[in-house]
Each structure stands twice: as structure tokens, then as C-alpha cells.
Amino acid sequence: MAGDIAIIGYAQSPSWRAAELTEPQFLFPVITEAIERAGIGRRDLGFTCAGSCDYLSGQTFSFVMNLEAVGAWPPISESHVEMDGAWALYEAWVRLQHGDIDTALVFGSGKSSPGVPSEIFPLQMDPYTITPLGADPVSLAALQARAMLDAGKITEREMAEVVARSRRSAIGNPHAQVTGDHDVDALLGEPYLTAPLRRHDLPPISDGASAVVLATAGKAKEVCERPVWIRGIDHRIEVHQPGMRDLTTSASTRMAGEKAGVGKAAVDVAELSATFSHQERILCEALGLDDKVDVNPSGGALAANPVMAVGLSRVVEASRQIADHGKHRAVAHATSGQCLQQNLVAVLEGD
Amino acid sequence: MSDASQDVVDPNAPVVGMDYFMSLHFNEIICPVVRRYADALLEGKLIGHRCPKCGLVYAPPRGYCPIDVIETTDADEVQLADRGVVTNYTVVTPVAYYGQEATEPFAKVSVQLDEPGGALSLQDVLEIGADEVRVGMRVEAVWAPEAERNIDEIGNRSWGSAEGCIRGWRPTGEPDVPADQMSDKAF
């Protein structure tokens, strides 16, 4: 085992409602910036792993084109996950444990703008019983929010407070798409989109990318002044059929958090992929995060939701809190599937 | 109460299939460099970007050179020849899957363009049968008349397509280029 792995470079694109550039075109400067920030050469990278989704881009093997932004000639050692870039980070973290290479590049990217999310995402579900119902993310999240309300675990006001705080935190974040100072009563005065969700309880539709460079301990100390250490990382998945689990809790997040060691010491800041406002409560409860934790100082997924990059962007934002804002211990969370079906938790620390 | 035995599936029952037709809709913004390429096609011109470092020509322009990992701009734009050599081909024998309109075997070829270079893949061949296509064959573009040109099929995901403006490529009748000279240009 190579031991602790560090994040030594990272970068994000802006989050666009509809990017004019292609995915490889906007990945290009993001990857270059992450590598330059890491202070290593592109040719020094031992491994590359990407996360993206052909269904979003509407093209088979679209991830091959994304590799053009990496510089893949002479041939490189690379892999791809049809998942958020946070899972590509997990694969690269595992790869680095072998100890034969000392750096890896990870990136996630997606354009949600060309497609119709309510057409695409039902295809994630059981193809016989659920997909034909047209069960889209907003409808399923609304059922989850309703279950939360019925169980007395959250109120509509508290949901609106999450939105107001997230959008306010996002002011000044150059990677945020939705920002602003909102009055909670005004938010509650808006009509339902899919009850009990109002439009602001939903994430924006976003195009974007993020990238991270990882290094083994020896390499990180050699090239990086302030490495961000991955002290623990784990991911867990629950049953596919959302009707077969309690949607008001997240057992997989709780288990991943325990395995990653979230509770071993105080957490300063958490960047959570709470794609819908009510999910922040579920995640904080599952991870044991109390009021002292600064949750989503970037604005989180409610401010920018580039699907396939949004989870990796949580790792980037958490790293930034440590490297640039003097925080010591951070939690980054990514999710996949509907209603928090699969969850990844990473614990990050400064020196 | 229902009889539980009625729920047991008869192992000898025939397998029942289910049709599930779905469609996905995509509405894509054409990126600026492909937009310029498409506009040039309407004028009867092929354009590309030449990498200022390695000199490779990309058609259509991509806005970067993936070999040198540098961005390319309008300053790197070059007009390309509409004649070239077949470097590689595939003969497709169509099967009647949903949406397939072809019934007879047809060829899709890669064309290495004459100087300043560049290559287009998945091109149609006109005037000869699929069984007559060969590596090294010299070909020229058959442009649609200006009034009939369209860029409906040009998108970010169709690198190399000139569909709607170039109908295909026909043999020029010039002597073939020896096939082994194309061996490092197969793609």
C-alpha cells in the first residue's frame, strides 16, 4: 500500500446553462490548469481516469473524444467510469495504492444542456417497472421530500432556508451558476413545480467540468507546498428500486462516512452533493455533521450542477477550503442514482 | 386470499418479450469552430486548422491539437483541397435494424486530402460499386449544387462530416497511389 494520497492540483470550469463549446473544448483549459497547479509535467502523469456519460452527450464513446483534452499521444494509461468524476477519483486512488506510479489525473465532465433530463434519467431506473412510468429525478425527489415532510424531519421553510443560504454562499464563487440574496418568505411564496418542490429546490441544469491531480505522499511533499491529504474515502450503494428503502435516511452515506472516518475528529467544512434542497438534511444526519460545520460554502449543487462533474467539484471545493482558506478538516460527498442511491464520502485534511 | 401456487412461473412457458420504444431528443449548440466549417461548406470550401507546432491539419477544425495539447484559433485556419486519396475503407452490409434505410452493401472511406492535408472519415463513394473501392484510389469531392446545400447534419458530434454539402467522392481516374504509402495514414 502506498499510504496516504494527496490532492496536489485542481481546477473547475464555469458552470454554464448551455455551453457554446464542446465537452473536450471546455475540458482543455481545466485539465491544463489542474496539471500546472500541481507543478508537474503532463508526461509525468502515471494514470488518468475520467467520469462522463454518453447518455448526457447523446453520443456513443463520447469519452474517447474527451481524452483529446488530456494529450493522449504517445499512448497513456487511462480508464473511464460512466459515473461522476468523484468515482474516477476513487479508481485513481485505488490505482495509486499499487505504489508503482506516483501521480494521477482525474476529471469529470458533462453537458446536460443538449438533452432533456426528464427523458434521459428515467433510463437509469428499472427498465420494466419504473422507466416506462417516466420516473424522472424531479418526481422521485418530490416523493423523497414528501416523505421527509410527512416524517416531520424537515419543513418547507427549512428547505427554503437551505436554498437561501446556498445561493448567498455562492455569491462571489466564479464557478456558481445560480447566486443571490433571497428572502425565505419570498421563496415560500413561489408556486410548486412538483409539490412539495418549488423551482428553487431543484438544481440548475448545467454544463461544466472539473479536474484533480493526485499524488503519493513522497511525490506530494516534493512538488506541493500545501497538499490536501485524502485521509479516508469510501462509497456504498443501496437497492436500485427506490420503493424498497427508507428515502428519509441514507444508510449508504452513513456507512461510507463511517468507513472514511468522518467521525474520528471535528469537521470544519463539508461540501455535499445535495442536489435537491431537502437532501442536505439527510446527508448531514447520515454523516453526523452538526451546526458547527460550514456546509457548502461554495453554494453546492443548488448553485451549480454539472452532472458527472458536480461530485468531483465537491472534492475541489473542499480542497480549496483547506489549501486557500486555512480550514483543516473537510468532508466531500458525491452521489449517483436517484434519491441518494449511491454515495461516496472523502475526508480531506491539511498538514 | 390468492392461491400462492398460481404465482409460480411455469418453467416450460414460452419466454414473453416486451417492446419498449424510447426516444431521446438533443438540441445542440454548434461550437464556433464547427460553425465556421459549416459556413465554409455552404460556400463550397473545406477548411481546417493547422497545428502551429506539429503542422498536422485537422478537418473540421477542433480548436485544439490533441497531439501537442495546445489550442488552435482562426489564425491557424487553412483552406483544404477537395481531392485526395482513399486511405482506408469499410464495406457495410446493412441489416434491417430500426432506422436503417440501406439494403445493399455500401462503402465508407477515409480520404487523405491533398496539400495542405487533413483527412475526412466515413465518406461515401459515388459512381463505383462497394467492391471496387481500394486503398490508394484517387478521388475528388462531388459537391451538391449551391442551392441544394444544407448543414442540417453537421454537428459537434460529427467530426469529419460534410454531409448535405458534399454528396460523396468519385474516382478521378488518375493512377492509384501505392497502397503501402498509405500504411501510416490508416484511420
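Which residue forms a salt bridge with B:Glu140, and how far apart are the closest N and O atoms? B:Arg170 is the partner, with the closest N and O atoms 3.0 Å apart; a salt bridge is a side-chain nitrogen of Lys or Arg within 4 Å of a carboxyl oxygen of Asp or Glu. B:Glu140 lies in strand S9 of chain B and B:Arg170 in strand S10 of chain B, so the pair ties together parts that are 30 residues apart in sequence.

This is a predicted model, in which local features need pLDDT of at least 70 and side-chain atom pairs count only at pLDDT 80 or more, while totals for chains, interfaces and linings use all residues. Residues are numbered from 1 along each chain as its sequence is written, chains are lettered from A and ligands numbered from 1 in the order in which they are written, and side-chain values use heavy atoms, with hydrogens and water left out.

Next, select B:Arg83, B:Asp114, B:Glu127, B:Arg138, B:Glu140, B:Arg170 and B:Glu174, which salt bridges with shared partners join into one network. Within this selection, B:Arg138 and B:Asp114 meet at 2.8 Å, N to O. B:Arg138 is buried at 14% relative accessibility, whereas B:Asp114 is partly exposed at 23% (buried means under 20% relative accessible area, exposed over 50%, partly exposed in between; 1.4 Å probe, protein chains only).

**Helix H1 of chain B**

Move to helix H1 (32-42) of chain B; helices (H or I, at least four residues) and strands (E, at least two) are DSSP runs, numbered from the N terminus. Select B:Val33, B:Val34, B:Tyr37, B:Ala38, B:Ala40 and B:Leu41, which are buried. They cover an arc of only 160° around the axis, which puts them on the same side of H1(B); the arc is that of the directions from the helix axis to the C-beta atoms. Their cover includes helix H1 (23-38) of chain A, together with strands S1 (46-50), S8 (119-124) and S9 (138-143) of chain B. After H1(B) comes B:Gly44, with a positive phi near 80°.

**The interface with chain A**

Finally, display both chains. The contact (heavy atoms within 4.5 Å) takes 26 residues from chain B and 33 residues from chain A. B:Tyr64, B:Val69 and B:Arg157 supply 25% of the area that chain B buries against chain A, more than any other three residues; buried area is the accessible area (1.4 Å probe) that two parts lose on being put together, summed over both. To end the tour, select B:Arg62 and A:Glu68, a salt bridge with closest N and O atoms 2.3 Å apart.
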